Amino acid sequence: PKRGYLTPSIPQRYQPCNFPRSPLEAARAKLHVSAVPDTLPCREMEFEDIYAFVESKVLDGNGGCMYISGVPGTGKTATVHEVLRTLEQATEEGMVPSFEFIEINGMKLTEPHQAYVQILKQLTGQKATPEHAGNLLEKRFNRQSAPRQKTVILLVDELDLLWTRKQNVMYNLFDWPTRPHAKLIVLAIANTMDLPERIMMNRVSSRLGLTRMTFQPYTHTQLQQIVLSRIRDIDAFDDDAVQFAARKVAAVSGDARRALDICRRATEIAELQSKDLNQLVDISHVEKAIQEMFSSPKIVAIRECSLQEQLFLRAVVSEFRESGLEEAPFSKILKQHSSICRLEGVQPPTTSEVSAVCCRLGSSRLVLVEGGRNDMHQRVRLNVSQDDVFYALKPKGKM
Amino acid sequence: MASGKIGKDSSCYGYSKERIDEIHNTLPCRESQISTLLALFGKPSHAAYSSIFIYGHTASGKSAVITTILQTLQLPHAIVNCVECYTQRLLYEHILNQVGDVIPSPDNNYSCYARCDNMNDFVRLLKNLIEEKELGSRTLFIVLDKAERLRDMDANILPALLRLQELSNCNICVILISEIVLEKFRTGTGFHEPFVLHFPDYSKDEMLEIISHDCPSDYSPSFYISYVNLLMSIFYMVCRDLNELRHLAQLNFPKYIEPILKGEATVENAPKLWRNIQPHLQKALQTIYLREVSSAQWEKYQLENVEGAGSLPNLLSLRSSVELPYYSKYLLIAAYLASYNPTRTDKRFFSKHHGKINKHKLKKTEKISFQLLGPKPFPLERLMAIFYSIVEGKVAPTANIFSQISSLVSLHLVSHVSSDDQLDSAKYKCTVSLDFIRSIARTVNFDVVRYLYDFV
């Protein structure tokens, strides 16, 4: 078997990273999503639950499964990692027997069966084909007398991507813990709460068991607390600004990453707007950042279209109004287009020019078109609402 | 979208005047297109337009102009026909071979310049090749003939080829040649717009000028032009294809000069020659132009000087009578009747005790001919029912009968309509013409017209 003698590495930087100089820079470093804090605020309950589950299994020396779900950005992976960090500290203190921790992520695998290869590599350092690795793992977890074998904790992130038609990868991952001497604890993470019921066969979901945990989206107070805990000792943010960002994000998704990104962007805007390094980020900066992140660029795009493109959009809308349908063939829109051109006093363009206009709008996804192959018969639909087109094309004075 | 008119004086660009004149002489009536292209190409070291799209009808000199320019001026180029290169790998390897001067042959064991499967490798290899061949800043021309086939390949190929200059960072000009307009190439995500150049059709005078170039040396060009003029008066209405007209002119010329050779007329006696050739050309329009008689047969017939062109072996129309087994003939007739008769009239045609026929009413309501609408699909049961009602004697529904149906399908006389289910509820369509079915019916003494709804 191939063994990894060399550790992959990336080239070293020539210069050290810049050290944050101003409070805004310091805040930005702290607010980065990759800067995971030591303790996660607002997830104490979940932490306790997972910790208790894993600790009891490790202490008893048996295996088990746990399914953790929740929408993106609710701290699932971070909490599990924190649990394992705490457990490692506990083993150093001798409170808990030692264990091995391995981790796979469905998104990082090219193919579900590669999970076996990854697990085997992390367990033994051995490289093998997926099939062979599967056999070796099967043998290992099936061993009758494993005298002083350590408990293995396996974290499976993005579980839904390990789905195959026969579901044998999922089945094995949840079946190995049930073997008498396997000493395997599987923590599976996915986004949807009802994943076991939706995509898994009965024999797979029954092995997964009923130990489940759902991470609720953060409320605005929690988001506020998260942001504040990160910039606790930096004087960079106005309290209202943080609250505003938290409330806006909580209303939409409750995604902590989104809240942190908005705050980071707000620091950048604040920095751009004033030369003063001790500038506080206030509510107007956050407002601007939210505008940037949440607003749809379509209306701006329609306003910036060329005259013929705008006329084409008007022709599409008026054809829809006339036919009462949400879809029209290119030939009919062409007719509308030339009559609108005459009304506006513009020289009506040729068919190839209108077709080029249509294709341009289609490639920027303002309208949805089929390919140019069935030219006159290609069907055109709007990808924006008709009201948006009207709003965008209204003369500026009348707004 | 412009076809700029650039004066002849500006079309030198560092090439010798003779070369340019040579191009203009070999390609008559394409002055404006040639000078536009030369202006676009510029000097060899100039950055060319990254892609040029050339379109025009069949035989409007698109490929000829491009090839002649590239070959006469000895510009580095690769010419690829997209019909031949039907996969992307063939396309890339063909271009690389031509640029790298590698010709697959027994000597090099039919190897190509490099194995190239995708656009990424192609761009990388092309860049290496341009450095290797020391083209420097000279423009490399990649000509893709029949470019409409590129649309059927992977979606990334056409957009990537159109901006190959940008992707490879080399001085490359991609020329697409097609018979269809650029609008039909457009896809959902858009692409880098090429320079569009239209090659208009040749006018009648231009055609005469071009065809007069292949005048036989024994006769004067004016004599040949007057002959071609006569030929065009008959063929120009139906055919504007230069290749086809040149072919016809060459094919019928021996017949035209026959009276001269026999001494019955002189070169000057145009009316006599015209009277001689006119019926001949009229006949040629019906036979040779539709390829019912092959060119070789036509020449042979002219040499042998058979009396009356009607005695020619009419091979293709002869093929419309096929020898079939007895029951197959009846099955085919039944299939024809099932395809061209509405189902509700079956009772009237094929059962003995049908109800009263209101002929008056029928004539008024039915206007559309079923013969014009094409064959309708019918289920197998209906075919068998009609078959049993028209066939003489008792026929057992053996495997033999059913295998004859499937062999009619494999002969393309009947076609399968719903291909999803072969056994259950199979539907068929009859795909033969009325003349064919009448000749078949005549051999079994069956009056098929009496049973056709359209003719009753």
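Tutor: Start with helix 15 and helix 16 of chain A: they are roughly perpendicular to each other (angles of 65 to 115 degrees count as that). Helices here are DSSP runs of H or I with at least four residues, and strands are E runs of at least two, numbered from the N terminus. This is a predicted model, where local features need pLDDT of at least 70, side-chain atom pairs count only at pLDDT 80 or more, and totals for chains, interfaces and linings use all residues. Residues are numbered from 1 along each chain as its sequence is written, chains are lettered from A and ligands numbered from 1 in written order, and side-chain values use heavy atoms, without hydrogens and water.

Student: At what angle do the axes of helix 15 and helix 16 of chain A cross?
Tutor: Roughly 110 degrees, and the axes come within 11 Å. Axes are lines fitted to C-alpha atoms over the stretch in contact, with angles from 0 to 180 degrees between N-to-C directions.

Student: Which residues make the contact?
Tutor: Helix 15 of chain A gives A:Phe330, A:Leu334 and A:His337. Helix 16 of chain A gives A:Thr351, A:Val354, A:Ser355 and A:Cys358. Contact means heavy atoms within 4.5 Å.

Student: New topic. How much area is buried between chain B and chain A?
Tutor: About 960 Å², with 50% of that from carbon and sulfur atoms. Buried area is the accessible area (1.4 Å probe) that two parts lose on being put together, summed over both.

Student: Which residues of chain B lose the most area to chain A?
Tutor: B:Glu183, B:Lys184 and B:Arg186, together 55% of what that side buries.

Student: How many salt bridges cross that interface?
Tutor: Two, by the rule: a side-chain nitrogen of Lys or Arg within 4 Å of a carboxyl oxygen of Asp or Glu. A:Arg373 pairs with B:Asp152 in a salt bridge, with the closest N and O atoms 2.4 Å apart.

Student: And how many over all chains?
Tutor: The whole structure has 27. In one, A:Glu327 meets A:Arg381 at 3.9 Å, N to O. A:Glu327 is in a loop and A:Arg381 in strand 10 of chain A, so the pair ties together parts 54 residues apart in sequence.

Technical notes: Angles under 35 degrees count as roughly parallel, over 145 as roughly antiparallel, 65 to 115 as roughly perpendicular and the rest as oblique.
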